[in-house]
Amino acid sequence: MPISSGLNSDNIRVGIVLPEDKINRTSLSWSSGMKITGNIPGLETTQNLDLSIDAGKLRINGIAGTPLIDQLILSCPDKVENLSAEYGIHIDPVIAGRGFHWEKPISVDFPGELKITIQDEQIKIVNTVNVEAYVACVATSEMGAEAPADLLAAQTVVARCWSLALAEAKHLSEGFDVCNDDCCQRYQGTSFLTEHSLKAAVDTKGEVLIYDNKIIDARYSKNCGGMVEAYDTIWEGGMVPYLIPLWDAPKQRPGYAVDDFDDLWNYDEAYCSSKRFESVNLAGMLGKVDVSGSYYRWEQTMSKADILKNLKKYTGLTWQRLDGIRIMERGPSSRIKYLFLDGIDQKGQAAEQMVKSEYGIRQMFSESFLYSSAFIVKNDASLKDDDHVVLRGVGWGHGVGLCQMGALGMALDNINYKKILSHYYPGTTFIKL
Ligand SMILES: [Zn+2]
Ligand SMILES: [Zn+2]
């Protein structure tokens, strides 16, 4: 029986520069040894093109006599075996952290084909790249250079499954399969590739997990908080048989984390517990983590005034006062499904507002994006009189599927990547395509 996947070819199309980034000037460059082909003549005479917009068309500065054109297509070879750090076509700038407060321009190198067009009077760049090359780059972008080999291998297989399953397909209407940022999977080209991460990609080439002859929708997040969350707590569409709640630990315990938050707070046997990382360089192994933070257990204070600002921002409602937070339903890991805010509205009337979904809740209780929706209100008893809210929470991210810090904890315990994967995706089968 053939294995089914969501992606229809060996290549994936990644949105790199999007109209919303509002970039109207960009520079492309490459090293002298790089073989570049494209839809304009004279590429062999240059290693640098400067693009701008002129009368709705692309103006190419860098090759004499090139007219204004509608689209520029440049390619370089993209077999995973050919890749190395900074291999490919260098683009400056590319936006990282799109839409978040840490958004910033960076410059990145890409293998494969780049298609540069104009949309909404801004530059748009889509990278069509071999899936194996893409997966190698994603695994590196998600991990640090010092990551143990089994963690890199696990992350590489997961990134491959996620890409081939293409279950989310958020961007098809925009003309590409995935974007380059945390909205899909973070992809920063070959810029940070190491020998180590390339080896993981080549060694696991074609390896995927399947369930019912379908490549699995391999969700993952940074830190589950002790219990892996169920798919249907976070997303619509019912339960997924291999994305189910389980203790992220060597031994399963009876019950779920949701049964007793204090018990969960004190639980430190999980693979992702901070006690496992006391003597390791977490940033070196997990890439861009905020090393000052603690993700397994955290506390955050927010003023009620700032929550009311968010209420206005996300719902349009203007309230005079916030008096209470009623948590209505949680998933097994303790992540909140929905809650109500209680307060006094513009007219001085008692009001309530539902805040639903993990995403909506994380937005509402933070100026940027709350670590997770698995929290309790620590000052619940005095909340009506306090001018702030203290949240006590666990984990970072949605918590479904592979827990990246838990996988790191397992790899540090010398657990093989196939065992790591079968822990997080129970009931799946490992195959090589
Ligand atoms: Zn996306
Ligand atoms: Zn975990």
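Start with the open sheet: six strands line up in the order S3-S6-S9-S10-S1-S11, with mixed pairing. Its edges are S3 (37–38) and S11 (178–179), each of which pairs on one side only. Bear in mind as you click around that this is a predicted model.

Inside that sheet, look at S6 (residues 72–76) and S9 (residues 112–119), which run antiparallel and are joined by five bridges.

Now zoom out. How is the chain divided? There is a domain 1 (11–203) and a domain 2 (220–413). The C-alpha centres of the two domains lie 33 Å apart. They do touch, though: 13 residues of domain 1 are in contact with 14 residues of domain 2. On the domain 1 side, helix H2 (residues 149–165) gives the largest share, four residues. Sorted by class, that side of domain 1 has eight nonpolar, two polar and three charged residues.

Next, strand S12 (residues 207–211), which has two pairing partners to follow. With S24 (residues 429–432), S12 runs antiparallel and is joined by four bridges. With S13 (residues 214–215), S12 also pairs in the antiparallel sense, here over two bridges.

Finally, the whole chain, which has 10 helices and 24 strands. Along its principal axes, the C-alpha trace spans about 75 × 55 × 45 Å. Does that go with a radius of gyration above, below or in agreement with what a compact globule would have? For 433 residues the globule value would be near 22 Å, and the chain has 23 Å, so the two agree. Buried residues make up 43% of the 433 in the chain. As for how the chain folds back on itself, take the contacts between residues at least 6 apart in sequence: 67% of these join residues at least 24 apart.

Terms used
Residues numbered from 1 in each chain as written. Chains lettered and ligands numbered in written order. Predicted model: local features only at pLDDT ≥ 70, side-chain atom pairs only at ≥ 80, totals over all residues. Pairing = 2+ DSSP bridges. Rg over C-alpha atoms; globule rule 2.2 N^0.38 Å. Buried ≥ 20, exposed ≤ 12 C-beta atoms within 10 Å, placed from the backbone. Contact = placed C-beta atoms within 7 Å. Domains from an automatic or database assignment. Nonpolar A, V, L, I, M, F, W, Y, C, P; charged D, E, K, R; others polar.
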